[in-house]
Every structure is written in C-alpha cells, then in structure tokens.
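Subject: Structure handover

Hello,

Please open it first; my notes follow below.

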Amino acid sequence: MKFTIAFAAILAVALAAPANEDRDAQIVKYENDNLGLQGYRFQYDTSNRLQRQEEAQLKNFGEDVSALVVRGSYSYTGDDGQVYTVNYIADENGFQPEAAHLPRA
C-alpha cells in the first residue's frame, strides 16, 4: 500500500512538471562580426524559436568622449504561443526598449 501511494505521488509530480524544451535548445544560426574599435554585430537563432540580433557603433560625443551606441532586437514565443518581439537602443539616454506588449510611459 505504501509503495502504491509513493508511486502515485512520484507519478503525479512527474506529470505535473512542464516539458522544458529550453533545456535542450540548440543554436541553429550564429553570425558574429567584430568591427574592432568601430563596434560589433551579431545574431543568432535557436531551435526553441529564440532570436536575437544586435549591432553597436562607436559614437563620438566630444573631443575625449565616445561610447558605443547599441541597437538590437530579440524575440521569443510566450507560454500563450504568441511571438513577442522587443526592439531596443542603448545610448547616451540609457536602455530604451519598444514592444507592443510593454507599457508605454
């Protein structure tokens, strides 16, 4: 009897655990370009439908002041099956994401 209860409890836990396809995801596309002191760009796609791309360029703000300006996007499939995409820029004004599912100021 104890064995049956223990087996039922273990089976219930195993069935309740979600299948985690993220754990076994593979990179299916990868590109990376190092542009030296001028910046970089990369992109990748994974088997679980994650995508990301980013590009950075050096911007001069004055004689002795320069920084990278980064632009990019990423997308993923939510638990509801919808694809969510976030576009962003990171520059002298900070990180600025834009997406239909994010609240606007």
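With which residue does Glu-54 form a salt bridge, and how far apart are the closest N and O atoms? The partner is Arg-52, and the closest N and O atoms are 2.6 Å apart. Glu-54 is buried, at 9% relative accessibility. Arg-52 is partly exposed, at 28%. Please keep in mind that this is a predicted model.

**Overall layout**

The protein chain has one helix and six strands. From the N terminus on, the order is α-β-β-β-β-β-β. There are 105 residues in the chain, and buried ones make up 17% of them. The accessible surface comes to about 8,500 Å². Carbon and sulfur atoms hold 54% of that surface. Take the contacts in the chain with a separation of 6 or more: residues 24 or more positions apart account for 14% of these.

**Salt bridges**

The structure holds three salt bridges. Opposite charges on side chains can pair when the charged atoms come close. The Glu-54 to Arg-52 pair, described above, is one of them.

Another joins Arg-41 and Asp-33, with an N to O distance of 3.3 Å. Arg-41 is partly exposed, at 36% relative accessible area. Asp-33 is also partly exposed, at 35%.

Then there is Lys-59 with Glu-92, where the closest N and O atoms are 3.5 Å apart. Lys-59 lies in strand S3, and Glu-92 lies in the loop between S5 and strand S6 (94-98), so this pair ties together parts that are 33 residues apart in sequence. Lys-59 has a relative accessible area of 35%, which makes it partly exposed. Glu-92 is partly exposed too, at 45%.

**The second largest pocket**

Which residues line the second largest pocket? The lining consists of Glu-31, Asn-32, Asp-33, Arg-41, Phe-42, Gln-43, Gln-53, Glu-54, Glu-55, Arg-71, Gly-72 and Ser-73. Strand S1 (27-34), S2, strand S3 (51-60) and S4 each give two or more residues to that lining. The volume is about 170 Å³. By class, the lining has six charged, five polar and one nonpolar residue. Both Arg-41 and Asp-33 are in the lining, and their side chains meet in a salt bridge. Glu-54 is in the lining as well.

Ser-73 sits in strand S4 (residues 66-77). Is Ser-73 buried or exposed? Ser-73 is buried, because its relative accessible area is 11% and the cut-off for buried is under 20%. Leaving aside neighbours within four places in sequence, Ser-73 is in contact with Gln-51, Arg-52, Gln-53, Val-86, Asn-87 and Tyr-88.

Val-86 belongs to strand S5. Val-86 is buried, with a relative accessible area of 2%. With neighbours within four places in sequence left out, the contacts of Val-86 are Gly-72, Ser-73, Tyr-74, Pro-97, Glu-98, Ala-99, His-101 and Leu-102. The C-alpha atoms of Val-86 and Tyr-74 are separated by 5.5 Å. Along the chain, these two are 12 residues apart.

**Thr-46**

Thr-46 is part of strand S2 (residues 39-46). Thr-46 counts as buried, at 13% relative accessibility. Which residues does Thr-46 contact, leaving aside its neighbours within four places in sequence? They are Gln-26, Ile-27 and Val-28.

**Two loop residues**

Arg-49 is in the loop between S2 and S3. Arg-49 has a positive phi of about 70°, although it is not a glycine.

Gln-82 is in the loop between S4 and strand S5 (83-91). Gln-82 is partly exposed, at 44% relative accessibility. Not counting residues up to four places away in sequence, Gln-82 touches Tyr-76 and Thr-77.

Best regards

Definitions and conventions. Residues are numbered from 1 along each chain as its sequence is written. This is a predicted model: local features need pLDDT of at least 70, side-chain atom pairs count only at pLDDT 80 or more; totals for chains, interfaces and linings use all residues. Side-chain values use heavy atoms; hydrogens and water are left out. Helices (H or I, at least four residues) and strands (E, at least two) are DSSP runs, numbered from the N terminus. Buried means under 20% relative accessible area, exposed over 50%, partly exposed in between (1.4 Å probe, protein chains only). Contact means heavy atoms within 4.5 Å. On a 1 Å grid over the protein atoms alone, a cavity is a set of points where a 1.4 Å probe fits but cannot get out, and a pocket is an open set with protein on both sides within 12 Å along at least five of seven lines; lining residues have an atom within 4 Å of a point. Grid points are joined across faces, edges and corners, and a volume is the space filled by probe spheres set on the points. Ala, Val, Leu, Ile, Met, Phe, Trp, Tyr, Cys and Pro count as nonpolar, Asp, Glu, Lys and Arg as charged, and the others, Gly among them, as polar. Accessible areas come from the Shrake-Rupley method with a 1.4 Å probe; for residues, only the protein chains shown count as cover. A salt bridge is a side-chain nitrogen of Lys or Arg within 4 Å of a carboxyl oxygen of Asp or Glu.
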